[in-house]
Structure formats: C-alpha cells, structure tokens
Amino acid sequence: MNMAFTLSLYIARQFTYATLAVIAFLTGLITMFDFIDLLRRVSTRPNVPTSLVSEIAFLHIPFACLEILPFGVLLGGIICFWRLARTSELVVARAAGISAWQFLAGPVICAVLIGTVATTAISPLSSVMYRRAEALDRQYLRDNNGKSLNMTGGTLWLRQSDNGLVSHGTAIIHARRVRLSGGMLHVGAVTVFRMGPDDDLITRIEAESGYLGKGRWILTTARLLRPDELPEAMGEITLPADLTLAGVEESFASPDTLSVWALPGFIRQLRRSGFSTIRHRLHFQTLLTLPVLSGTMALVAAGFSMRPARRGGVVRMISFGVAAGFALFAISKIAAQFGETGTLPPLLAAWAPTVAGLCLAVTLLLHLEDG
C-alpha cells in the first residue's frame, strides 16, 4: 500500500507539472491571437491608444485559462502518461502488482483540485477582469451609439440617445423596481436625467411607474424638474426608447462577467423580475461541472496514452485520445446550444457531456486494466 501511495504521488506530481505547463502554453497562445485581433481593431481607430490593446488582452487571460482548462488537463495528461509509458515506468508498476486504479488516484485527485480552484478562485477573478475588459471594449472599440444597460441590486440603469430636447443628447433612466409581466417591462420609482451633448443636465423627470412600449417609454404620475424652478406635474410622459424588450433581456449582464458565487443571487433576481435565466443557469452549471470534467479528462488521457511502447500503435492511440477530447468539447458546445434555446434543461445540457465522457473513460480503463 505504501509503494502504491508513493508511486501515485510521484505520478500526480509529474501530471500536475505537465498540465500546468500545457495550460500556461495554451493560455499564452490564445492571448497572443487575442492581442493580434485587438491590434487589427484598434488600427481603424486612430484616437485609441495602442496601450489599451495590452490592457484588454491582459484582462482576458483568466477567461482564456478557464476556457482551455479541460484541454490543458487532457493534453498535459497525455504527455505525462506517454512519457511514463515510454520509459516503462508504468509497465514496472503494473508488474509489481499495482493496478492502474491505484496509481491513477493521485493524478485524478490533482485534476479535480485544479478544476475546483478554477471554479472557486479563477472564476471570480475572471469575472472581474472580463467585466472591465468588456467595459473598455464597449467604450473604445464598439459602435454602440451611446446605449448601455445594467441591472444591479434589483434596479435598472439605462443610458440611451435622446434628441427630443437637443441634438446628440443623452437620457439616463434609473428604475428602482423592475418587473416583467404580460410580455411588457414595467418599471417603478423612475428617474430620468435628460442631458445635452456635453453631459450637462437639462431636465430631470421623476415618475412613480412606467413601462416599455413599442419604441417608447410611457411614464405615469410624472413630475418635471428644471434647474432653479419648482417641480411641475406632467401626468403621463412619453419618451423615445432605443431598446426593445428582447434587447433589454440580451443587454443584461453576460454570464461571463459573473462569478460562480454571484450567479445564484443574480439568477434569483432575474427570476423575480420575470426575465429568462437560462443562459445564467447554464453557465453556473458549466462552472460546477469543471472539477468533474477535469477529472474525466485525466482519465481519458490515461486510457489513451498508457499503452506500452513495445506493443506499437502509441501514436494512433494518442491521436484517438486528442480526437476524443475534441469530440467531447464539440458535444458540450452542441448541448449548450440546445440548453440556451430551452430544448434541454440547463442542468442536463451542462452535465450530460461530462457524464458521457466519464463513462467513456472508465469503460476504456476497465478494458485496458481487466481486458
């Protein structure tokens, strides 16, 4: 038992080094291509500093690390087990009576721990940095015509163009209560700041309630406030709206900008407001599957790369392992698309590919170990 533990610890150490090295290499590769793409976009905007490219590319690093983590575990595991098989270390271990399940315990536990750290620690860091990168991208590199939307703490903040008072004006709408009912967006305790092109305040509107109609906001029991003047009761006021209800739903916080710790509360908030929570629930379940998926990739790597070199066909088996990893990735993306459209429940769409890959890996190892 002591020999099996020592060997498992040794293999786990080799596996961890190889996996972290592959993850770092793949993350660097993705960051380089991201940097080149950002340079291409900045080249058409002479007023944007080139230093912004480096900042956005740097802010994307944790997100890229999360995206390629399963592949990093797969390729790192294949490299580790192939090297051990080539040097006949695995052959000696099995000849000494140590089964594959014993010396694979350490690498699998390490893979699960890597996935757990990614979910619990890297995900919050990624969400903060990705949110900042999206804000910079939206501010400097996108043509959004002044529109932006955010919902935090159960309130709604909306910035849109407003040419009703002056040309190139802006309206900032703040609603303290948001509710979706009967296919309409209802807001309560509304404040509208109507500003000029230089962000100088022209008027302010306060209303008890309102709703988003077709191309317009309808505010009821409204008051108009101008600088150095008394409030004026206006009754019902109509303002142009740049967004539709579908646009409002799509403009809420992207799941990638929320950590695994913030997602449950945000999902409850969206559900109370009546908005669709499918994308956020799917992303939350995907983050939860990451530790299991990492362990699955470690088993897949072992199953396809532990073939003794003297038996031949090693390159073919490794190629099959890489292909199996890509197939699992493709299946997970297809399942995610079905989940986003509502065809599959988010729980099933996130976990089904991982469970299928785990069954494949266990079956392969059973065949390899027990024939």
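The model is predicted, so local features need pLDDT of at least 70 and side-chain atom pairs pLDDT 80 or more, while totals for chains, interfaces and linings use all residues. Residues are numbered from 1 along each chain as its sequence is written, and side-chain values use heavy atoms, leaving out hydrogens and water.

**Exercise 1.** Find the salt-bridge partner of Arg 132 and state which helices the pair joins.

*Solution.* 
1. A salt bridge is a side-chain nitrogen of Lys or Arg within 4 Å of a carboxyl oxygen of Asp or Glu. Arg 132 pairs with Glu 55, with 3.9 Å between the closest N and O atoms.
2. Glu 55 belongs to helix H2 (residues 51–59) and Arg 132 to helix H5 (residues 100–140), so the bridge ties together parts 77 residues apart in sequence. Helices are DSSP runs of H or I, at least four residues, numbered from the N terminus.
3. Glu 55, at 33% relative accessibility, is partly exposed.

**Exercise 2.** Describe the salt bridge between Arg 40 and Asp 37 and the accessibility of each residue.

*Solution.* 
1. The N to O distance is 2.7 Å.
2. Both residues sit in helix H1 (residues 2–42), three residues apart, or about one turn of the helix.
3. An α-helix has 3.6 residues a turn, so residues three or four places apart point the same way.
4. Arg 40 is exposed at 52% relative accessibility, whereas Asp 37 is partly exposed at 31%.

**Exercise 3.** State how many salt bridges the structure holds and which residues Arg 204 is linked with in a network.

*Solution.* 
1. The structure holds seven salt bridges.
2. Arg 204 bridges to Glu 206, the closest N and O atoms being 2.8 Å apart.
3. Arg 204, Glu 206 and Arg 223 form a network of salt bridges.
4. Glu 206 is partly exposed at 23%, as is Arg 204 at 27%.

**Exercise 4.** Locate the bend in helix H3 and the positive phi that comes just after the helix.

*Solution.* 
1. H3 (residues 61–86) bends by about 55° at Ile 68. The bend is the angle between axes fitted to the seven residues ending at a residue and the seven starting there.
2. Pro 70 follows within four residues.
3. Just after H3, Ser 88 has a positive phi of about 65°.

**Exercise 5.** Decide whether Ser 127 is buried or exposed, and list its contacts.

*Solution.* 
1. Ser 127 lies in helix H5.
2. Its relative accessible area is 3%, so Ser 127 is buried.
3. Beyond neighbours within four places in sequence, Ser 127 contacts Asp 256, Thr 257, Leu 258 and Ser 259; contact means heavy atoms within 4.5 Å.

Methods: Helices (H or I, at least four residues) and strands (E, at least two) are DSSP runs, numbered from the N terminus. Buried means under 20% relative accessible area, exposed over 50%, partly exposed in between (1.4 Å probe, protein chains only).
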